[in-house]
Amino acid sequence: MKHYARLAALGAIAALIIGIPCTSHSQILAGLALEKLGVLYNPGTGARPFAMGGAYTAVSDDAFALIYNPAGLAEMRRKEIAIGLHQRSDEITNTYMRLSAARSSSHTSLGHLAAVYPYPTYRGSLVLAFGVFQAGTSNIESVKTAYLAGIPAMAENRYIQSGTIYQYHFGLGFDLSPRVALGASLVLWDESVDFTDRIDYADADSTALWNDDVKIDLDGVSFNMGLLVRLSESLRAGLSFTSPAWLTYRGDGVTSYDGAYTAGGGWTTDPVYAVIEEDYTLPMKFNGGLALKLPLLTLAADLSYTDYAQTEYNGLAITSELEAGMEHVLKAAWSFRLGAEAMLPQAPVRFRAGFAYVPLELSTVEEIAYIADDSPQSIIADFEARRQRRFVTFGVGGLIDRVLTLDLGVAIGSYEKATKDGTQTILTEERSITEVVLSGAYRF
């Protein structure tokens with residue numbers, strides 16, 4: 001079912017973030033903004049876990065335990081300093097009523113910087129750790145074009161955004177008994193986001209341009225807790241819990257609007273400045289995993305659950321009044337990951353592969369934004385996932401002189417979603433994602 005959502009002041013997603021009144025439509029746009037800002041999908045980083053599909057809850061035995069399961073820190077017996085780079089490429093193709101537009105983007109950033117210190121104890125293990133990790137990315141470039149027969153008019157939407165979500169982890173892991181380890185970490189979120197949201201509009205009488213430039217900063221806090229159980233010499237079970245994440249966006253933006261009449265002349269309006277103050281609460285997450293660790297082979301499987309319907313925007317659930325029953329814009333999601341690591345018998349080289357199935361969290365999509373009565377309007381509809389988000393992963397790693405490890409991980413994935421008006425497909429969005437992670441660690 002399709003809906004026309006009238007926005008009061010600013011354009012599309014930028015209108016939400018700069019602070020329009022909290023209407024049912026702004027609640028829908030809150031979910032769309034969370035997806036664009038990159039806070040719903042946080043795959044983390046690290047060449048080894050990436051190459052194993054993220055199936056790392058029961059495998060964690062290095063600095064990446066801070067992300068996946070802090071109890072895994074108790075496995076470490078040597079000091080470690082680790083650093084890594086993370087590169088991501090996106091290709092997005094939008095097709096609206098047979099008009100297609102594509103955009104590619106690529107960004108490289110610091111993947112992580114971490115230090116681990118095992119503290120000597122009389123019994124068991126106590127390990128302290130700190131790390132800065134890329135949790136996710138807000139880098140995105142997207143273009144949509146449409147001919148709106150009912151008006152009639154042409155509309156083009158351009159959205160360009162940059163920013164990387166970093167998490168600062170302060171954690172520890174310790175042995176509760178020879179078979180059980182516990183861990184916890186405090187997580188501080190940080191991100192700076194710049195984006196431009198532009199609507200180019202043309203009908204028989206005029207052409208118009210609506211442009212929003214926004215700068216915002218994210219700050220937030222959450223915590224992780226983990227459990228690792230050594231069921232036998234080779235079999236381990238892991239469980240991790242991530243608390244709700246309390247996030248705050250602060251910043252400012254400026255909107256400009258001008259145009260020209262076909263018959264001659266035009267208009268320019270004064271820029272509109274606004275202050276951004278938005279609060280979000282992301283729901284808790286649960287991860288469970290099993291790992292079989294043999295001398296030359298490791299097999300791992302993870303299962304995760306997050307009820308994104310519990311996400312809050314300015315203290316309220318993100319629901320839509322466009323459908324009966326105040327349906328949630330975000331939904332609960334189960335994801336699973338599989339990974340394997342094989343070591344060569346005569347050389348310290350490891351080969352890895354994995355698979356990750358991570359379904360989309362949203363149920364609605366903004367098809368197109370255009371201009372009418374000197375203000376932007378958005379066409380919003382429910383979508384169906386023709387292909388859910390999934391990744392195939394692989395990588396290789398090696399040990400040099402028993403103290404230096406170098407690892408490379410690659411993840412290749414995609415998804416496709418479509419909206420319909422009855423039986424007719426209106427919009428399809430296809431995204432292909434390639435991520436390459438290079439990590440190094442020095443252990444002494």
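The protein has four helices and 23 strands. Those are DSSP runs, numbered from the N terminus: helices are H or I with at least four residues, strands are E with at least two. Before going on, this is a predicted model: local features need pLDDT of at least 70, side-chain atom pairs count only at pLDDT 80 or more, and totals for chains, interfaces and linings use all residues. Numbering runs from 1 along each chain as its sequence is written, and side-chain values use heavy atoms, with hydrogens and water left out.

Overall dimensions next. The C-alpha atoms fill a box of roughly 85 × 40 × 40 Å along the principal axes.

Now burial. Of the 444 residues, 54% count as buried. Buried means under 20% relative accessible area, exposed means over 50%, and partly exposed lies in between, with a 1.4 Å probe and protein chains only.

Contacts: take residues at least 6 apart in sequence. Of their contacts, 69% join residues at least 24 apart. Contact means heavy atoms within 4.5 Å.

On to the strands. What does β8 pair with? Strand β8 covers residues 180-203, and ten bridges join it to β6, residues 153-162. Ten bridges also join β8 to β7, residues 164-175. Then 23 bridges join β8 to β9. Each of these pairs runs antiparallel. To count as paired, two strands need at least two bridges by DSSP.

Some partners to find on screen. Alanine 155 stands opposite tyrosine 201 in β8. Glutamine 167 stands opposite tryptophan 189 in β8. Leucine 188 has valine 221 in β9 as its bridge partner.

The turns: four residues link β7 to β8 in a hairpin. Two residues sit between β8 and β9 in another hairpin.

Last stop, leucine 231. Where is it? Leucine 231 is in the loop between β9 (206-230) and β10 (235-242). Is leucine 231 buried or partly exposed? Leucine 231 is partly exposed, because its relative accessible area is 44%. Leaving aside neighbours within four places in sequence, leucine 231 contacts Arg179, Arg236 and Ala237. Now look across to aspartate 270. It is 39 residues along the chain from leucine 231, and their C-alpha atoms are separated by 68 Å.
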